[in-house]
Amino acid sequence: MLPGTQDLIQIRTINDVRGNLSFIESGQDIPFKTERIYYLHGVPQGAERGGHAHKQLKQLLIAASGSFDVVLDDGKNKNTITLSDPRQGLLIESMVWRELKNFTEGAVCLVLASEHYDEADYFRNYDDFLIATQQQ
Ligand code: T46
């Protein structure tokens with residue numbers, strides 16, 4: 001299975017004449033308790049984010065506005081997912097290298113994370129990540 005292909009979830013959404021309300025409940029919609037929320041915004045044209053993997057962290061990425069591409073790589077397979085619908089979320093497990101690119105103007109990437117920020121949880125070097133995947 002290509003990374004990411006099985007992990008696009010539909011977020012429960014209530015629609016009425018006032019628009020949409022989407023909601024996520026930890027343990028029901030996502031398989032972790034949300035310990036941190038952050039969001040990427042004001043990303044300049046052509047800028048790329050990510051370029052790392054996490055040892056333990058799991059995350060849900062949502063295009064709250066606009067769109068962007070997420071390239072996922074588990075050390076064996078690569079897959080690119082375009083996020084453009086706030087009613088969808090991309091679940092990224094630990095030990096998956098991710099790169100985010102092609103942000104449209106005004107795009108917002110909202111992230112629900114399973115842990116507090118911890119720099120020690122990152123692989124920021126691709127070769128170190130590959131070695132670790134081969135030891136699993
Ligand atoms: C990911 C993608 C989608 C903090 O102090 N606290 C935080 O919660 C985060 C996420 C980052 N930082 C600091 C660490 C760096 O000094 O903010 C700076 C920029 O972080 P980074 O270069 O990791 O940002 P991105 O956009 O490349 O990656 C982030 C997340 O780190 C990462 O987990 O999956 O967004």
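Reader: How far is the ligand oxygen from the side chain of tyrosine 122?
Author: An N or O atom in the tyrosine 122 side chain is 2.5 Å from an oxygen atom of the ligand. Keep in mind that this is a predicted model.

Reader: Noted. Which residues are closest to the ligand?
Author: Arg36, Arg49, Gly50, His54 and Tyr122 are the closest. In total, 13 residues surround the ligand.

Reader: Where is arginine 98 in the fold, and what stands opposite?
Author: Arginine 98 is in strand 10, and histidine 52 stands opposite. Strand 10 covers residues 97–101 and pairs with strand 5, residues 49–54. The sense is antiparallel, over three bridges.

Reader: Back to tyrosine 122. Which residue is its bridge partner?
Author: Histidine 54. Tyrosine 122 itself is in strand 12. Strand 5 and strand 12 pair antiparallel over two bridges.

Reader: What is the strand order of the five-stranded sheet?
Author: The order is 8-7-10-5-12, an open sheet with antiparallel pairing. Strand 8 (78–83) and strand 12 are the edge strands, each pairing on one side only.

Reader: Next, aspartate 121. Where does it sit?
Author: Aspartate 121 is in the loop between strand 11 (108–113) and strand 12 (122–123).

Reader: Buried or exposed?
Author: Aspartate 121 is buried, and it has no salt bridge. Lysine 55 is the nearest side chain of opposite charge, at 6.6 Å.

Reader: Why does lysine 55 at 6.6 Å not count as a salt bridge?
Author: Because a salt bridge needs a side-chain nitrogen within 4 Å of a carboxyl oxygen, and lysine 55 is 6.6 Å away.

Reader: Which backbone nitrogen lies 3.3 Å from a polar atom of the aspartate 121 side chain?
Author: That of leucine 57.

Reader: What else does aspartate 121 touch, leaving out residues up to four places away in sequence?
Author: Ala53, His54, Lys55, Gln56 and Leu57.

Reader: Change of topic. How many residues lie between strand 2 and strand 3 in their hairpin?
Author: Two. Strand 2 (residues 12–16) and strand 3 (residues 19–23) pair in the antiparallel sense over five bridges.

Reader: Which residue is the partner of threonine 13 there?
Author: Serine 22, in strand 3.

Conventions: Residues are numbered from 1 along each chain as its sequence is written. This is a predicted model: local features need pLDDT of at least 70, side-chain atom pairs count only at pLDDT 80 or more; totals for chains, interfaces and linings use all residues. Side-chain values use heavy atoms; hydrogens and water are left out. Two strands pair if DSSP finds at least two bridges between them. Helices (H or I, at least four residues) and strands (E, at least two) are DSSP runs, numbered from the N terminus. Buried means under 20% relative accessible area, exposed over 50%, partly exposed in between (1.4 Å probe, protein chains only). Lys and Arg count as positive and Asp and Glu as negative; His and the chain ends are not counted. A polar contact is a pair of N or O atoms within 3.5 Å; within protein, one must be able to donate a hydrogen and the other to accept it, and residues adjacent in sequence count only if both atoms are side-chain atoms. Contact means heavy atoms within 4.5 Å. A residue is near a molecule or strand if one of its heavy atoms lies within 4 Å of it.
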